[in-house]
Amino acid sequence: MTQTTSPLALIIDDEPDILELLDMTLQRMQVKTYSATTLAQAMELLTRYRFDLCLTDMRLPDGDGLAIVRHIQLNHPQTPVAMITAYGSLDTAISALKAGAFDFLSKPVDLQRLRELVNSALRLNPSQEPIQISDEPDPIMGVSAPIEQLRKRIAKLARSQAPLYISGESGSGKELVARRIHTLSSRSVAAFVPVNCGAIPSELMESEFFGHRKGSFTGAVTDKPGLFQAASGGTLFLDEVADLPLSMQVKLLRAIQEKAVRPLGTQQEESVDVRLLCATHKDLAAEVTEGRFRQDLFYRINVIELNVPPLRERREDIPLLSNHILTRLAARNDMPIPTIAARTMELLASYRFPGNVRELENILERAFTLSEGRIIETDDIHISACPTNGESPVSLGDIGSLEDYLGNIERIAITQALEESRWNKTAAAKRLGLTFRSFRYRLKKLGLED
């Protein structure tokens, strides 16, 4: 392998004009290039040099670009590869991203977009700039197999520009995962912009997402950039994306496809360079089936899915998480760190945690506040182990507080209804014979509300 001091790029295309354009642009960026017009030539060059970047056309005389993507993924995983596709070939672009491509470019090639892509790709290469620009410690805590697997996937997906759909139950840590992906990515030098789609009034959504010009509507007294512009060069995280109204879903799809937005009050589109991460605790495929979420948008944001495991599937992490939470609470309140009694830890480990890590935090914060000693006992956490089918009813001596006992039964019933209805709150309320308002009240009382 030949090693160069300057970045080295492999350009693969059988159109001389495209090759010349790409070569001239990269040379001006101080990137040395080698060119290939066939799959065979590209494979031969890959055996001789270690490239910092590869740009490949989809259609080649003796094969297709996907073969290059797969070969590089298998044999040169540190080399980012971008696919060059025909204009409007979104299916091709999505196939490339799923195969492991770093990003894609559409013909005719936009030179500004090309330069942004090249800079992002080169920041990923250890020989050019360390990938972990931030010194932040890993916030994904745990030693369980599901968490170790999650860490590995995060590290891999951080190198891509592909839209990512983060699935998982409420309170499982989806935003934490999104932030970690941003921190480990080439975009970490720019902004991470989190958005709760369910918290924006529908009449303000377009302005919030795309910005507006002064005078575009009543109250628009100044120009205002939108969330896409705020995240330019960085990462835009759309939490609870399933809550977007259908009218907004259409506009979001266009922004993703065109990599551009049009602020209210102007006819001019503005290019935006963002990586889109989306999340929801709902079953997005079911939302598509029910007609509440557009299928074309679903396929566009769900190029790669990353599932965050619920806490009940990684119970061995509960002691570590608990100690971390209590240490943080003690530091915040300038108090000694309490100890969790062995029986209390057993109880925590046997609980289903429908609210996941967020619920564990709430339970321990309440226990930290209410416990009278430096040891957290079972009475301080106000939960009991969930009974399983076939177990005998609990004896009166084990109940303690009737209110807490009944509250736990209510929590179990509500959690089961939510799980069986795929966390559709309206359906869960109907299943339990409750009005939606009454159901929301119970969720809030039990600490299960998002």
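The second largest cavity holds about 40 Å³ of space, a cavity being a set of points on a 1 Å grid over the protein atoms alone where a 1.4 Å probe fits but cannot get out. Its lining, meaning residues with an atom within 4 Å of a point, is made up of L46, Y49, R50, F51, I72, H76 and T79. By class, that lining has four nonpolar, two polar and one charged residues. The model is a predicted one, with local features needing pLDDT of at least 70 and side-chain atom pairs counting only at pLDDT 80 or more, while totals for chains, interfaces and linings use all residues. Residues are numbered from 1 along each chain as its sequence is written, and side-chain values use heavy atoms, with hydrogens and water left out.

L46 turns up again in helix α2 (residues 39–48), where the buried residues are L39, A42, L45 and L46; buried here means under 20% relative accessible area, exposed over 50% and partly exposed in between, with a 1.4 Å probe and protein chains only. These four sit on the same side of α2, because they cover an arc of only 125° around the axis. Their cover includes β1, β2, β4, β5 and α3, counting contact as heavy atoms within 4.5 Å. Helices (H or I, at least four residues) and strands (E, at least two) are DSSP runs, numbered from the N terminus.

The largest cavity has a volume of about 60 Å³, and S170, G171 and R358 are among the residues that line it. Those three names come back in the largest pocket, where S170, G171, S172, G173 and R358 lie nearest the centre. This pocket takes up about 970 Å³ and is lined by 40 residues. A pocket is an open set of points with protein on both sides within 12 Å along at least five of seven lines.

As for charge pairs, the count comes to 24 salt bridges, each a side-chain nitrogen of Lys or Arg within 4 Å of a carboxyl oxygen of Asp or Glu. In one of them, D103 pairs with R113, with the closest N and O atoms 2.7 Å apart. D103 belongs to strand β7 and R113 to helix α5, ten residues apart. Both D103 and R113 are buried. Another salt bridge, at 3.0 Å from N to O, joins D243 and K282. D243 and K282 each lie in a loop, so the pair ties together parts that are 39 residues apart in sequence. D243 is partly exposed at 33% relative accessible area, and K282 is partly exposed at 23%.

Conventions: The arc is that of the directions from the helix axis to the C-beta atoms. Grid points are joined across faces, edges and corners, and a volume is the space filled by probe spheres set on the points. Ala, Val, Leu, Ile, Met, Phe, Trp, Tyr, Cys and Pro count as nonpolar, Asp, Glu, Lys and Arg as charged, and the others, Gly among them, as polar.
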